[in-house]
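Trainee: Could we go through this model together? I would like to begin with the fold and then turn to the ligand.

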Amino acid sequence: MSTPTPPEFRSGFAALVGRPNVGKSTLLNALVGEKLSIVTPRPQTTRHRIRGVLTTPEAQIAFVDTPGLHRHARRALNKAMNRTATAALEDADLVVLVVEAMRWTSEDELALERIVRSGRAAIAAVNKIDRVRPRERLLPYLAELATRHAFLAIVPVSALKSDNIGDLRRTIAAHLPLSPPLFPHGELTDRGLAFRIAELIREKLTLELNQEVPYGIAVEVERLTAEPDQLIVDAAIWVDRAGQKPIVIGAHGERLKRVGRAARLALNAMLGRRVHLNLWVKVRENWADNARALRELGVE
Ligand code: GDP
Ligand code: MG
C-alpha cells in the first residue's frame with residue numbers, strides 16, 4: 001500500500017523555541033500549514049506535545065512544543081515546568097530558535113541559554129523580516145546573531161508573508177537524522193482536520209441525495225494515514241437502518257462513486273495534496289439511542 005521510503009529520507013523532532021511574541025505560532029502554521037497538520041499521540045512522546053507533522057517526499061518533521069520558560073524559577077511549579085521544558089529540548093533532534101529581526105532582549109538570551117544547556121544543535125529563524133526596509137539593514141543583525149552562538153544555519157523569514165519558508169523547511173529537514181518516517185501511519189489524527197473532512201464528505205452526499213438525506217446519517221473519518229505522496233482517508237457513512245444503505249449506494253454503486261469522486265476532488269483542493277478516499281456505508285442500528293456511539297460520531 002505504501003511506497004518504499006527512499007534511503008536518504010530524514011525524519012525527526014524539531015522544537016520551536018523563543019520568547020513570547022516572536023511569531024512561533026504563526027511560523028508553525030506557515031511551515032506545516034494547518035492543511036498538513038496531523039497529530040499522532042504515542043506513549044513515548046508524552047514529554048512532547050506534537051503540534052504538527054510535515055511530511056514531504058524527502059523528509060518528515062514533527063514539530064514539538066516546549067512549555068514556557070520562567071526566569072525566576074523559585075516556586076516548585078515553575079521549577080518543574082522548567083525541567084519539563086529542558087527535557088523537551090533534550091528529546092528534540094533539532095532546535096529552532098525563533099527571534100524577531102532587529103531585536104535581541106534578555107528573554108531571547110534566556111531562550112538561547114536553555115538551548116546551550118540542552119546541548120542540542122540549533123538553527124536560528126529570524127522572523128518578521130517584512131518589517132525591515134531596506135533588507136540590507138538586516139545584515140549587521142544577522143552577523144551579530146552569528147557571534148552569539150554556533151548556529152547550524154541562520155534563516156531570515158517572514159511567517160506572516162510566507163517569505164523564505166521553503167528555505168527554512170529545507171534547512172530543518174536537512175539537519176534531521178536519516179530515518180524512515182516516524183509516523184508512517186497517521187493512527188490518530190487531529191480532530192479538527194478529521195471533522196472538516198467529514199463535513200466535506202457529508203456536503204457532497206447531501207448534494208448528491210437532493211434532500212433525500214435520511215435522518216440520522218453521519219460521516220465519520222475512521223483513519224487518516226499520512227504518506228509522503230498522499231493522504232489516505234478512510235471514512236464511513238453511517239446510516240441508522242439497513243434499508244437506507246441502497247439509497248446511499250445507488251444503483252450499481254453509482255451514487256456512492258459520484259459522492260466519493262466529488263469529495264476526493266474537493267479534498268485534493270482543500271488540502272493541497274493528493275488524497276485517496278475509501279468510503280464505506282455502514283449500518284448502525286438505532287445508533288441515535290446509543291450515547292457512546294454519539295460521542296464517537298462527535299455528536300456530543
Ligand atoms: P508567539 O507568541 O511566538 O507564538 O507569536 P505569534 O505567532 O502569536 O505572533 C505574535 C505577533 O507577531 C502576532 O501579532 C503575529 O501576527 C505577528 N507576526 C508573526 N510573524 C510575523 C511576521 O513574519 N511579520 C510580522 N510583521 N508580524 C508577524
Ligand atoms: Mg504562540
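Trainee: What share of the contacts with a separation of 6 or more comes from residues 24 or more positions apart?
Mentor: In this predicted model, residues 24 or more positions apart account for 71% of those contacts in the chain.

Trainee: And how many helices and strands are there?
Mentor: The chain has 9 helices and 9 strands.

Trainee: How much of the chain counts as buried?
Mentor: Of its 300 residues, 48% count as buried.

Trainee: Turning to ligand 1, how many residues surround it, and which are the closest?
Mentor: Ligand 1 is surrounded by 14 residues, and the closest are Asn 21, Lys 24, Ser 25, Thr 26 and Asp 130.

Trainee: Which helix gives the most to that shell?
Mentor: Helix H1, which spans residues 24–36, gives the most, with 3 residues.

Trainee: How does the shell divide into nonpolar, polar and charged residues?
Mentor: The shell around ligand 1 holds 4 nonpolar, 6 polar and 4 charged residues.

Trainee: Which side chain has an N or O atom 2.9 Å from an oxygen atom of ligand 1?
Mentor: That is the side chain of Lys 128. A polar side-chain atom of Ser 158 lies 3.1 Å from an oxygen atom of the ligand, while an N or O atom in the side chain of Arg 131 is 3.4 Å from a nitrogen atom of ligand 1.

Trainee: What percentage of the ligand's area does the protein bury?
Mentor: Taken alone, ligand 1 exposes 580 Å², and the protein buries 73% of that.

Note on methods
Residues numbered from 1 in each chain as written. Chains lettered and ligands numbered in written order. Predicted model: local features only at pLDDT ≥ 70, side-chain atom pairs only at ≥ 80, totals over all residues. Heavy atoms only, no water. Near = heavy atom within 4 Å. Polar contact = N/O pair within 3.5 Å; in protein donor to acceptor, adjacent residues only side chain to side chain. Areas by Shrake-Rupley, 256 points an atom, 1.4 Å probe, with all protein chains shown as cover. Helix = DSSP H or I, 4+ residues; strand = E, 2+ residues; numbered from the N terminus. Nonpolar A, V, L, I, M, F, W, Y, C, P; charged D, E, K, R; others polar. Buried < 20%, exposed > 50% of the residue type's maximum accessible area, 1.4 Å probe, protein only. Contact = heavy atoms within 4.5 Å.
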